[in-house]
Structure formats: structure tokens, C-alpha cells
Amino acid sequence: MDESHRLRLSVEDSAGPWTSSALSEGPTGAPAGGDAVIASEARNSTDAELGGSSSSLTVPSLPTDVQTSPDDTRRSSLITVAANQYHVGNQNKTVRPNEDIFNANEEHIKEDIVRMVVQYLHDGGYHASKMTLLDEANVKSYEREERQFEIRRMRKAVLDGDWAEVDKLCTKTLMKNHKSFLYAVYKQQYLEYVEHHEIQKAFTHLNKRLKPLEHLQTTPNEFKDLCYLLTVKSTLDAPSFKNWDGIMPAREKLAEHFQNMVDFENADREGSVYVPPQRLLNMLRQAVAYQIESSRYHPRIAPRVTTLLEDYQSLVIPNAVRSSFVGHKGNVKCVDFIGDEGLSLLTGSSDNTCRVWDTETGDCQAVLEGHTSRIWDVASNKSGTILASASGDATVRLWDHKPGKTHCLSTLEDSCGDVYSVKFHPAGRHVVTGGYDKTVRLYDLERSVVVKSFLGHQLSVSQTIFNPLGNLIVTGSKDNTIKFWDIVSGLCIRTITSHLGEVTSVEMTSNGTLLLSSSKDNSNRLWDIRMLRPIRKFKGHQNTSKNFVKAGFAGDALVVGGSEDGIVYIWDAAKGDILQKLRGHSGVVYGAVWNPRQALFASCSDDRTAKTWWFDSSQPLFEG
């Protein structure tokens with residue numbers, strides 16, 4: 001059996017050393033989120049926890065009499081993290097988790113989702129919220145949920161012989177055939193009177209309760225035998241009751257009979273569907289287990305996931321080139337993974353073309369021609385069905401991307417000079433562009449028209465992005481400033497002026513609270529957006545003259561960026577330290593991006609190639 005299948009992915013019960021905050025705490029003291037596979041994990045890992053694993057890496061041990069530096073400790077921690085992972089490669093999936101699996105707009109699917117949420121609220125004791133949801137959803141099938149308490153009360157009353165309570169509950173019509181059950185209850189009560197030789201009570205009960213329901217007797221002679229019991233010494237003397245087991249066994253049978261009747265009617269009730277216990281939680285655990293099993297790196301110890309708001313990520317510091325993408329005839333200015341899945345790469349080059357590549361094999365899948373000048377930036381929507389390329393020919397082209405076929409959908413031609421940046425809105429219906437003419441434009445993709453222009457920069461706009469909520473546009477410019485624009489009003493609401501050189505890129509964390517900027521003042525800077533203040537600088541790389549050297553986040557725990565010295569740099573977002581230098585390009589590295597689904601870094605360079613980077617366990621994690 002494959003090692004990945006031996007891994008027990010019981011997310012709730014696993015007690016491994018993993019936590020969900022990659023670096024223990026983020027830059028502002030808050031947990032860093034689901035990227036937490038970097039340091040907290042390494043700090044908590046022990047030799048015992050790693051015992052039995054077939055890792056080809058060993059954690060270096062330092063002599064006890066040698067005082068270790070923070071850098072040595074950090075490197076040891078990262079090696080421990082790497083040893084906790086093993087590479088299984090890209091997982092081929094014949095079924096993708098997309099809209100084809102089920103139609104979320106179908107009424108039955110909607111009702112199933114409501115059922116699971118109602119069950120979860122009920123189990124958690126959120127009864128008021130549950131009732132509000134039921135009232136709003138107005139789904140009759142939840143009658144079974146509301147009747148469960150009365151059903152439990154009925155069973156208890158039958159077993160306790162509390163016949164007054166049974167009478168009271170029977171008035172609530174817990175089932176359609178309640179008179180048949182009522183006859184069984186009265187019969188049980190009558191037999192107990194007889195058993196206790198309370199003949200007067202039995203006679204009164206027979207005439208008042210059982211006689212009106214005589215037509216519901218289970219055998220032709222049953223009521224006759226009930227009357228006969230008033231004259232005999234034992235219940236067993238009547239032919240219909242010769243197998244009667246006694247009071248308590250008979251009550252247990254009556255309670256079981258009641259439950260069977262209720263279950264049968266629940267299954268038959270219109271719109272009623274049985275919801276397996278903890279259905280929502282079980283499906284969420286299955287989804288997390290699927291994400292872990294589908295990741296490129298598998299953990300040797302089952303992780304404990306602490307947030308469901310982000311997909312599981314196996315973030316491992318890379319140390320080697322995975323694939324080189326060769327084919328462009330000019331320098332590769334930009335690279336991006338296509339869609340959230342990242343199964344393909346999109347590159348743009350000074351040879352005036354874009355290329356689509358298979359992320360895993362490195363094969364070129366398509367060459368996108370049509371631009372008449374270099375490509376400055378590329379982007380894709382979340383589903384990867386639409387691509388965008390920004391060019392020095394003053395246009396942005398939109399491309400329809402399908403497996404095996406990519407063609408131009410439309411061309412946006414409103415700029416007056418090079419378009420340096422293009423980015424899709426989180427909802428996928430708009431793009432924002434910026435370029436040489438200092439103007440930021442918001443386009444409606446359906447109509448291919450500018451719906452709003454944002455004016456205020458004094459020089460070229462080098463980068464445009466949206467915040468995660470999609471209500472702000474953030475731009476970096478050659479005028480050394482970063483501006484925040486309100487999409488609705490079109491007004492600039494904030495400006496950062498601290499950089500001493502041209503701003504070459506901007507990017508936000510997934511929660512939108514931190515901003516990363518790159519500048520030709522030879523620094524990348526992290527900003528607290530809420531306080532509008534700098535937190536730290538990331539230095540060591542070179543960014544002084546080339547257009548455009550960029551940096552971005554790898555999750556929220558790492559910062560990765562290019563450099564004019566041909567090296568890909570990876571920094572610790574929490575401390576600003578350089579964690580890794582990736583050597584392999586022979587020219588300026590313009591930028592690097594990270595894809596959590598593929599667990600790969602991708603970079604582009606002046607050497608006319610793009611590369612992906614991974615952790616190769618056969619090589620040391622660090623040089624020397």
C-alpha cells in the first residue's frame with residue numbers, strides 16, 4: 001500500500017506537531033493563518049515524532065558546547081520542516097471540484113445544505129439560530145427535526161408507565177396513524193391493571209378507552225379476550241395473550257413499536273430526508289482530507305487544521321529547479337499560474353508573445369500571438385477560463401482559455417502608451433489596468449468598455465491590484481507613491497509616499513491587512529494598511545534600474561521576489577530575514593509567484609526562460 005494511503009487523515013483526532021500558523025505569529029502579532037508549516041511546526045517537532053519515517057534528510061545536531069546563532073537555529077528548523085514532508089508530485093484528478101459536480105441552484109441541493117446546517121446548529125445547541133433558519137428556509141421537511149424532542153419524551157413515558165404523559169403527547173399527533181398506537185397504549189395500560197388485579201380500574205378503562213377503538217384490534221378475537229381477562233386469574237389464560245412477557249418487556253416492545261411507526265412515517269413523509277449524524281462536519285473533514293491527499297507534498301504526521309477559511313497548503317522552502325520553460329525568443333517579463341488550480345503557467349515576453357505551459361511537464365501548450373510589442377504583465381481569472389495580457393502596444397488582450405485551445409476574445413485599446421499592469425477583480429467581471437499614461441482604468445469585461453478612470457499619479461503606473469474584498473484598487477507608480485482608490489467614488493483615499501525610488505510592484509495578503517511593495521530604492525517593504533505605517537524592510541536583493549523587478553507573498557508567511565543579480569530571494573515575512581536564495585537563472589529575475597494548489601514557485605528572467613522551483617530531498621536545503 002502506498003505511504004500516502006497509510007497516512008491517517010483524521011483531522012480532528014490527529015495529535016501531530018502541526019499548527020496552522022506558519023511562523024507562530026504573523027508580522028503584527030496575529031496568527032499567520034493556514035501557511036503554518038514553517039517554524040511553529042519545526043519548533044514543536046521532536047525526534048520521537050519523526051521516528052519511523054523514511055526521510056532521506058536528517059536534522060543536523062550541533063555540539064552542546066557550541067553557542068548557536070539565530071540563523072543556525074532557523075536553518076535547523078527549516079530542515080526539520082522539510083524532513084517532515086515527502087514529495088508525491090502533482091495529483092492527477094479526473095474529477096474537478098467545479099460546478100459540473102452539482103448545480104448549487106437546484107432546490108433539492110439548497111434544501112440539503114440547509115438540512116446539514118440545521119443539524120449542525122441543533123447539535124451545537126444553537127436552537128434560536130436553527131429556528132430562524134427554518135423559518136426563513138420554510139422547508140416542511142424539517143418537521144422531523146422539531147419532533148425529535150417529543151418523540152424522546154414519548155419513549156420515556158411509555159417505559160416509565162407514565163400514561164398521563166403518553167395521553168398528553170398523543171394529542172400532538174406525532175404520526176398519522178396515531179389512533180392505532182393509542183389503542184396499543186390503552187391495551188398495555190389495561191393489561192397492567194389486570195396484572196395488578198385492579199379489576200375495577202381495568203373494567204372502567206375497558207369501557208372508556210378500549211371499547212371506542214375496538215375496530216383497531218390486531219386479531220378478530222383480541223377485544224373478546226380482553227373482556228375475558230376480567231374473569232381469569234392470570235393474563236396468560238386468555239388465548240390472545242398466552243405469550244405476554246410481563247409489564248416491562250411489554251413496555252419495551254411498545255416503545256420499539258412506537259419508534260418503528262415514527263421512522264416509517266418519517267421516511268414516507270413528503271420532502272422528509274434522513275440526515276446522517278454530523279453530516280456537515282464529516283463532509284468538511286472529507287474535504288480537508290482530500291486537500292491534503294491532493295497536495296504535492298504529503299506530511300509524515302497528520303496535520304491538525306485550525307481554519308476552514310483557507311485551503312490546506314503544503315508550503316515547503318524550495319531548493320532546486322523543478323522545470324525550465326524554454327521557447328521564448330526574448331526576455332520573459334512576467335509569469336503567473338493560470339487560475340487557482342495552477343495546472344498551467346502563463347508567461348509574457350519581449351518577443352511580443354504569451355505562452356501557455358503545462359506546469360508539471362513544462363510542455364508549451366499554446367503560443368498567443370497578436371500583440372505588436374513586448375508583454376509587460378499577464379493575469380487570469382480564478383477559474384482560469386479567461387487570460388489577460390498587457391503590452392507595450394497600448395492594448396490589453398483578453399483570451400478565452402480552454403484545454404487545447406486558446407483564442408483572443410477582445411482587445412482593450414483605451415490607453416495612450418505602454419500598459420504595464422493588468423489584474424482581474426475577485427468577482428471576475430472586471431479588470432484594472434495601469435501604464436505609461438498615468439491613468440488607472442477599470443474595465444467591464446462583458447462590454448469591453450472603461451467604466452471608471454482614476455487620475456492622480458504624476459508618472460507611469462507600474463502595478464494595479466484589487467484588495468481581497470474588491471472594493472479598493474491599489475496602485476504603485478514611478479512617482480514613488482502607492483495610492484488606494486475607492487472603486488465606487490473613484491477617489492484616492494490614501495497615499496503612501498515613503499519609498500525613495502520607483503514603486504515596481506504591490507501585493508496584499510489574503511486577509512487584506514498587509515501590503516507588500518517593491519521599489520527601485522533596493523527594498524521591499526511590508527505595510528500595515530490599517531495604521532498606514534511600515535512594519536519592516538526586506539533587503540539583500542538588487543532592484544535599482546530594470547523594469548520591473550517584483551515581489552509577492554507566498555501564503556502570508558513568506559515573501560518571494562526577483563533580483564537584478566539573477567537570484568530568487570525568499571524572506572521570512574515575520575522577521576524580514578532571508579531564508580533562501582534560489583540560483584538557476586542566468587539573467588535578471590523579474591519576479592516570482594507562488595501557487596498553493598501546486599505547492600510550487602515560478603519565476604521569470606532576462607535569460608528568456610521561466611522556471612518552477614520545488615524541494616528536492618536528494619539535495620541539501622541550503623548551499624554549503
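**Notebook: strands, rings and one asparagine**

I started at strand β9, where five bridges join β9 to strand β10 (residues 396-402), and the two run antiparallel. I noted that two strands pair if DSSP finds at least two bridges between them. Helices (H or I, at least four residues) and strands (E, at least two) are DSSP runs, numbered from the N terminus.

Before going on, I wrote down what I'm looking at. This is a predicted model, where local features need pLDDT of at least 70, side-chain atom pairs count only at pLDDT 80 or more, and totals for chains, interfaces and linings use all residues. Residues are numbered from 1 along each chain as its sequence is written, and side-chain values use heavy atoms, with hydrogens and water left out.

**Entry 1: around β9**

Across from A388 I found L398 in β10. The hairpin of β9 and β10 has four residues between the strands, and A394 there takes a positive phi near 70°.

Then I checked the other neighbour. Strand β8 (residues 375-380) runs antiparallel to β9, and five bridges join them. I looked up S380 and got L387 in β9 as its bridge partner. This hairpin has five residues between β8 and β9, with G384 in the turn at a positive phi of about 80°.

Is β9 mostly covered or mostly open? Strand β9 (residues 386-391) is mostly covered, as five of its six residues are buried. Buried means under 20% relative accessible area, exposed over 50%, and partly exposed in between (1.4 Å probe, protein chains only). A reminder to myself: in a regular strand the side chains alternate between the two faces of the sheet.

**Entry 2: ring pairs**

How many aromatic pairs does the structure hold? I got nine. Rings of Phe, Tyr and Trp (its six-membered ring) pair if their centres lie within 6.5 Å; planes under 30 degrees apart count as stacked, over 60 as edge-to-face and the rest as tilted.

I picked F325 and W357, whose ring centres are 5.6 Å apart with planes at 75°, so this pair is edge-to-face. F325 sits in strand β3 (residues 320-326) and W357 in strand β6 (residues 354-358), so the pair links distant parts of the chain, 32 residues apart. F325 is buried at a relative accessible area of 1%, and W357 is buried at 1% relative accessibility.

Next came Y420 and F548, with ring centres 5.0 Å apart and planes at 75°, so I logged this pair as edge-to-face. Y420 lies in strand β12 (residues 419-424) and F548 in the loop between β23 and β24, so the pair ties together parts 128 residues apart in sequence. Both Y420 and F548 are buried. Ring pairs also link W376, Y420 and F548 into a cluster.

**Entry 3: N547**

Where is N547? I found N547 in the loop between β23 (533-538) and β24 (551-554). Leaving out residues up to four places away in sequence, N547 touches K333, W376, K478, E502, K520 and Y590. Contact here means heavy atoms within 4.5 Å. N547 and Y590 are 43 residues apart in sequence, but 7.8 Å apart in space, C-alpha to C-alpha.

**Entry 4: whole chain**

I finished with the overall counts. The chain has 13 helices and 30 strands, and buried residues make up 52% of its 624 residues. Among contacts between residues at least 6 apart in sequence, 52% join residues at least 24 apart.
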